[in-house]
Amino acid sequence: MSPNQIIVLATPVFLALIAAEFVIGQRRGRNTYALADTLNSIGLGMLSRVAEVFSVLLRLGIYVWVQDHAALWRNDGFWTSPVGWLVALVFYDLLYYWFHRISHEVGIFWASHVVHHQSQHYNLSTALRQPATAALLGWVFYLPMALAGVPPLVFAVVGLIDLLYQFWIHTEQVGSLGRFDRWFASPSNHRVHHAVNDRYLDRNYGGVLMLWDHLFGTFEPEDPKEPCVYGTRKPLRSWDPLWANAEVYAGLAKDSARSARWSDRLRQWFRPPGWRAADVATRWPAPAFDIAAVQRFDPVASRGARWLAILMFLLLLGGIAFFLWTADARGVSGNLAWAAALTTLLWTQGALLQGRIGCGMAAMLVSAAIATLSAAAGWPELHRVFKPLTMVIALAMVWRAGVPGRGWLLAALGGSLAGDVFLMFDGFFIAGLASFLLAHVAYLVRFRRDAPWLANRRAAGCVAVVAVLMYAVLWNGGLPAGLRGPVAAYVLAIALMAAQALGRASVIGDRAAWRVAAGALCFMVSDALLATDRFLTPLPLRDLLVLSTYYGAQCLIVGGLLARPPAARA
């Protein structure tokens, strides 16, 4: 049984304990849960497990190679004995201590570990909040076990034990445990670890044992007179799981690029979190941390958004469980399709709870993710339901919105719906091509309402060059003579649509307009991929690539046009 399957079996236990903690907190009048934060924390745990499916080969592969070629002592009999297992667990916990400590003291490691600390609540769901990038550098710290000859199985099992042990210590419902607190990781001393109070900052790193903190001077007991304040000193203030994983990396990259000295650019990544070069700190000062000013991030979500987020969470639980249970038997391409769909759902859930998208767009994204996954996974019956359903949802959103130019937008979506249906069946390629041609013309007319024709001539020229090159490649690649005219008309229509969208964005200048332009460009990419696969050479991951860019185009255009309907322009 793989570690991922063990996690699947442990998940009901995790959720039952989370539910029990919530009930206990309610009865005590000390509830530590908030819906959005809890779903976000568990969702980040899901995303970390998705990433683990792909990164485990890196982490364990390097470990196995080092153990096979550089082990200083080989004695599997010892390591698989009861004493050997215990020694391996203590050994792992020591290395975990240093990995954990350096993750707080070095910027590039903190960029990954910060995910675990972003929640401003402290409860059992926080334990599941794990980074998706942990395996990128974390494997380095455990190579001493490979050099000591610890078999890969023993290493994997003790690592899982160390990880699972830490689940129960993420709670405020368990008080001090006396002597136990001094020598073992416990709720009391781990609350200290998650606090941003000056007194508690960067303390109590041990995973199972507090012995290491005592030995290396990082132990700090919890003081009932100074309650812990949780989170980070630079709050995330977002429910976006992708941004949660990228936030600190982006900040490091920005400050590194801003520095005038190359040595500071490099130093930025390896200095303690919060360090900035003198010239950067002077030109772009950061506000000082004030614990008295800390406020919890809790944007208001509508009742409908909350219920839809809960339904999405249940769908995610089932999807993640199936994905993890079957991942080892599935090829990389299949796992990538699953990962893309699950990541889309996680992002959608966060955006919905944050108010960045409405229920309609969330439903459209969920349907698009299932349509794409069902095509890639070879589930034609499911695909034939969700592919047209996605555009039906888009049509319903636009119909209810009553925005200017609604008729042309409905015509574009209707043409897309017809094209989707035709292309699901053999022998209807020309009908599908004609439907999408009309859809692009309708989009073109809709974009013309807001800006003069081809307002950005440079962008239009670039689009024209790309379109001509693509058509030339198709022509030379064996495009059938009977399709050269229709395909030329199609290429012209989509190029004009993209050029007009870019000109519109240049005139209007807001984010919504640029989202529409990005969507038009995604359409060009999607159609280029489809044409390449059909007329030039079969593409790996065809369904994932074509449909993800296609639905990305539709969502960006619809979302951008509904976000800010500008006044019609001559």
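Modeller: Helices here are DSSP runs of at least four residues, numbered from the N terminus. The model is a predicted one. Under that definition, His 383 is found in helix H19, residues 380-401.

Biologist: Is His 383 buried or exposed?

Modeller: Buried means under 20% relative accessible area. His 383 has a relative accessibility of 11%, so this residue counts as buried. Beyond its neighbours within four places in sequence, His 383 is in contact with Ala 371, Ser 374, Ala 375, Pro 388, Met 424 and Leu 547.

Biologist: What span does helix H23 reach from its first C-alpha to its last?

Modeller: Helix H23, residues 481-508, has 28 residues and reaches 41 Å, close to the 40 Å expected at 1.5 Å a residue. Just after H23, Gly 509 takes a positive phi of about 85°.

Biologist: How many cavities of 30 Å³ or more does a search of the whole structure find?

Modeller: Rolling a probe the size of a water molecule over the atoms shows where empty space is left. The search finds 3 such cavities. Among the lining residues are Asp 37, Arg 129, Arg 237 and Trp 239.

Biologist: Which elements give two or more residues to the lining of the second largest cavity?

Modeller: That cavity has a volume of about 50 Å³. The elements are helix H2 (35-70) and helix H17 (332-354), and H17 gives the most, with 4 residues. The lining comprises 5 nonpolar, 4 polar and no charged residues; Leu 346 and Gln 349 are among them.

Terms used: Residues are numbered from 1 along each chain as its sequence is written. This is a predicted model: local features need pLDDT of at least 70, side-chain atom pairs count only at pLDDT 80 or more; totals for chains, interfaces and linings use all residues. Side-chain values use heavy atoms; hydrogens and water are left out. The expected span of a helix is 1.5 Å times one less than its number of residues. Buried means under 20% relative accessible area, exposed over 50%, partly exposed in between (1.4 Å probe, protein chains only). Contact means heavy atoms within 4.5 Å. On a 1 Å grid over the protein atoms alone, a cavity is a set of points where a 1.4 Å probe fits but cannot get out, and a pocket is an open set with protein on both sides within 12 Å along at least five of seven lines; lining residues have an atom within 4 Å of a point. Grid points are joined across faces, edges and corners, and a volume is the space filled by probe spheres set on the points. Ala, Val, Leu, Ile, Met, Phe, Trp, Tyr, Cys and Pro count as nonpolar, Asp, Glu, Lys and Arg as charged, and the others, Gly among them, as polar.
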